[in-house]
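Hello, and thanks for taking a look at this one with me. Here are my notes, in numbered points, to read beside the model.

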Amino acid sequence: MPGKSTQKPANKKPVRKSTASQKEPRKKSSKASSRGAPTGSSKKPSDQNSQAKQAESGKPKRQWKGKLLALLILLLTLFAAWMIYLDAEVRKAFDGKKWALPAKVYARPLALYPGRLLSPEQLQAELQWADYRASGQVDRPGTYKRAGDTWQIYRRGFPFWDGPEASRVIKVTISSGRIARVSDADGTQALIRLEPQYIGGIFPVHNEDRELVRLEDVPPVLVAALIITEDKRFFEHWGISPTGIARAMVANMQAGRMVQGGSTLTQQLVKNFFLTNERSLSRKVQEAFMSLLLELHYDKEEILEAYINEVYLGQAGRRGIHGFGLASRFYFGKPLRELDHAEIATLVGLVKGASFYNPRRNPQRSKERRDLILRLMADSKIISEADSLRAMRSPLLTASPRRAGQREYPAFLELAKQQLQQDYRLQDLQSEGLRIFTTLDPWVQNAVEQAADSHLSRLENRAPSLKNKLETAAVVTSVDGGEIRALLGARDASFFGFNRALNAKRAVGSLAKPAVYLAALRSGNYHWGTLVDDAPVTVEGQDGSLWQPQNYDKTSHGLLPMQETLQRSLNQATARLGMTVGLNNVVDELTRLGIRDDIPPYPSLLLGAMSLSPLEMTQMYQTIASEGFLMPLRTIDAVTTAEGDMLSSYAIRGQQVYDPVTMEWLTAGLKAVVRDGTARRLNSLPQPLAGKTGTSDDQRDAWYAGFDNRHLGVIWVGMDDNTAMPFTGSSGALPIWQETFRRIGTEPLAPPRNLVQIPVNEQGQLMDEDCSATVYEFPVAWQEKDRISCESGVKSLGREIRSWLDRLF
């Protein structure tokens, strides 16, 4: 068909154009527009431009929406991550140990048993320091009643290191300064301990302290008073209270300042537990979310218990008082369960402002707050109206903040901390809530503090130029165990600073002389009646220098019995004796007695020209007082966990380094120092006692070391700048020892078990038993030594008369 064939080529091109135009309309339009040709497009150029503009303007809108969506997703992701982090922090803190609990340090418990040396004054003081209250009716733990010499005490229960003991009523009868009888309420005699006094803590850097209590041990009245005062809807909200926040905002806007917080108890706990006191919107937002998370994971009782233990309620020196448990003891001297309604309201009032409502510093303000809370308690039917009115009429009374039960003993605690760190990490001591039972005796500590302060004041009155310049240090130990019973590191016993008892290295003077006489006695060539020449001494040193010691009175006294040279502390006689027995032998005795410092064998060491601390001198005299048993001085009896499980028990350690007979023999000479020598002013105390005075060159240091049958005490007095004083050991240090031992009670030394008395003539020769001569003490073995007859008895009797006249005048 000719027609069909002629039209086919003519139709191919338009169809192809139409197809191309439908598939690529933008591309074609763009190209045609750029060349100015209308090929393939049936629209006008103006319509094409308008359509292009609309397409271009829609593109940024879609991009902006995409970016906004991406940003929103990012913010939600970050918020989710932040919430996960907050949730982890909240759960980590609450599931684990909530607080870094400082180790609580306790003094020794007061053991009561028949025969113990105990004055009524000490028992009264110990009860008061332990916050016991005198009462007509001994009907609850922590109360006592005295009737003449008999005391009825309701002892509190306490978790001692060797097991907990329940509360019990006991009776104690004191006669002539000793316990005559101790019994339970039913009359059964027993050894009973009073709970030990708290004497301080080993605190972390922030110095927070608290006494953890369980919610079931908190009086329900206190819990109810806390809730109605601080957060009435506590058991209804989920951690935050929108109505409370709104109410606070209105009140703050009306007042023009911050007068209300609107925080729930949960928010307060979060702020104290996790956050800072910063006032900012971001912190408040974080506080709110953490409160919600806390409420999500933990029940109300757990949150409330944590709050009761966390809340800040005051300051005791460097110690922050946190929680109602510790606040109860700090302000009222009693555990929470013993508080009355007025005391409960006072503590709850502190939550609003511990300093502002402090009952000691701001009693009127505190009482107004207390009474307001008591009215709220009555309105809410927590207590009756009558109880509320009765409590409001009661005076605002608090326990003394200076009572012994609230003070610390910095010098003793420093040494205790050093000894503890031999076995425990400091981090554990600061955070694990360990209970440390120490050897400190509060009665002895108080006695030495009072004696030191009063005597230094007297010395400064005698020498006004020394006002506020004299310092002191003291160490008192138990003779039989080496337990440190008192430690004074400065005149101001509360001073946290340079501890002179541990760190002041001072010339010891004549306190070193017993080592010289010990070397002589152990040589076998000397006894207390041996004659020693107190003539001038000159010793030439390796460099050609001359050492020429002099007596305190600048006088030589000729030949004298060795005991007399010690009791009069004669320098020339001691130096001659030391050079005779040998410097190295004297150094050996000092080392054997417990001195650990390197001691060069210079002649001047014979008179104490070496610098040692009071603690080091105590170690030396401890070996003498304990009859030759060298034991490390210790401050720790036991360590337990917070739950009462035993961790460590520290028994007496040491070794017998001297024959007890030798130490008894040396002690006989030290008794003579007290009886007839430089320490004879102690004759006002029950005898016999033993000791030695010490005075360094130019009277820069005054010392006294002495002991009875129970305690050893070493006292130092001097000035930090090492200048001279117008005082000696007998006038500067000994009176402190004297007053201390008068207050704590003196128990005379027991008669020697291994010594006998033998008369000695003027030539230092042993005489027959019936001879009239000066009698000295000797080891029993010396009875077998050769003796002379009584031919020189008249001369010896004349010497006794002269000695008696010397002592008299």
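1. T264 is buried, with a relative accessible area of 1% (buried means under 20% relative accessible area, exposed over 50%, partly exposed in between, with a 1.4 Å probe and protein chains only). T264 is found in the loop between α6 (242-255) and α7 (265-274). Setting aside neighbours within four places in sequence, T264 is in contact with D231, H237, G239, I240 and S241 (contact means heavy atoms within 4.5 Å).

2. A word on conventions: this is a predicted model, in which local features need pLDDT of at least 70 and side-chain atom pairs count only at pLDDT 80 or more, while totals for chains, interfaces and linings use all residues. Residues are numbered from 1 along each chain as its sequence is written, and side-chain values use heavy atoms, with hydrogens and water left out. Helices (H or I, at least four residues) and strands (E, at least two) are DSSP runs, numbered from the N terminus.

3. Helix α5 (residues 220-230) is mostly covered, with 8 of its 11 residues buried. The buried residues of α5 are L222, V223, A225, L226, I227, I228, T229 and E230.

4. The largest nonpolar core has 126 residues, and L487, W528, M562, L577, M617, L682 and F707 touch the most other members (a nonpolar core is a set of buried Ala, Val, Leu, Ile, Met, Phe, Trp, Tyr and Cys residues joined through side-chain atoms within 4.5 Å). Leaving aside neighbours within four places in sequence, the contacts of W528 include Y517, L521, P561, M562, W665 and Y776. A second, separate core of 50 residues includes W99, L222, A316 and Y331.

5. Helix α18 (residues 513-523) packs against helix α21 (residues 583-593) at an angle of about 110°, with their axes 9 Å apart (axes are lines fitted to C-alpha atoms, for helices over the stretch in contact, and angles run from 0 to 180 degrees between N-to-C directions). That makes α18 roughly perpendicular to α21, a label that covers 65 to 115 degrees. On α18 the contact is made by A515, V516, L518, A519 and R522, and on α21 by N585, V586, E589, L590, R592 and L593. By class, this contact has 7 nonpolar, 1 polar and 3 charged residues (Ala, Val, Leu, Ile, Met, Phe, Trp, Tyr, Cys and Pro count as nonpolar, Asp, Glu, Lys and Arg as charged, and the others, Gly among them, as polar).

6. Strand β16 (residues 470-478) has 9 of its 9 residues buried. Both faces are covered, with L470, T472, A474, V476 and S478 on one side and E471, A473, V475 and T477 on the other. Strand β16 is joined to strand β30 (residues 711-719) by 9 bridges, and the two run antiparallel (strands pair if DSSP finds at least two bridges between them). V475 stands opposite V714 in β30. Strand β16 also pairs with strand β17 (residues 484-488) in the antiparallel sense over 4 bridges, and the bridge partner of A474 in β17 is L488. The hairpin of β16 and β17 has 5 residues between the strands, and G482 takes a positive phi near 70° there.

7. Another hairpin is worth a look. Strand β4 (residues 143-147) and strand β5 (residues 150-155) pair in the antiparallel sense over 4 bridges, with Q152 in β5 as the bridge partner of K145. This hairpin has 2 residues between the strands, and G148 takes a positive phi near 70°. Strand β5 is also joined to strand β8 (residues 168-175) by 6 bridges, running antiparallel, and R155 has R168 in β8 as its bridge partner.

Terms used: Parallel < 35°, antiparallel > 145°, perpendicular 65-115°, else oblique.
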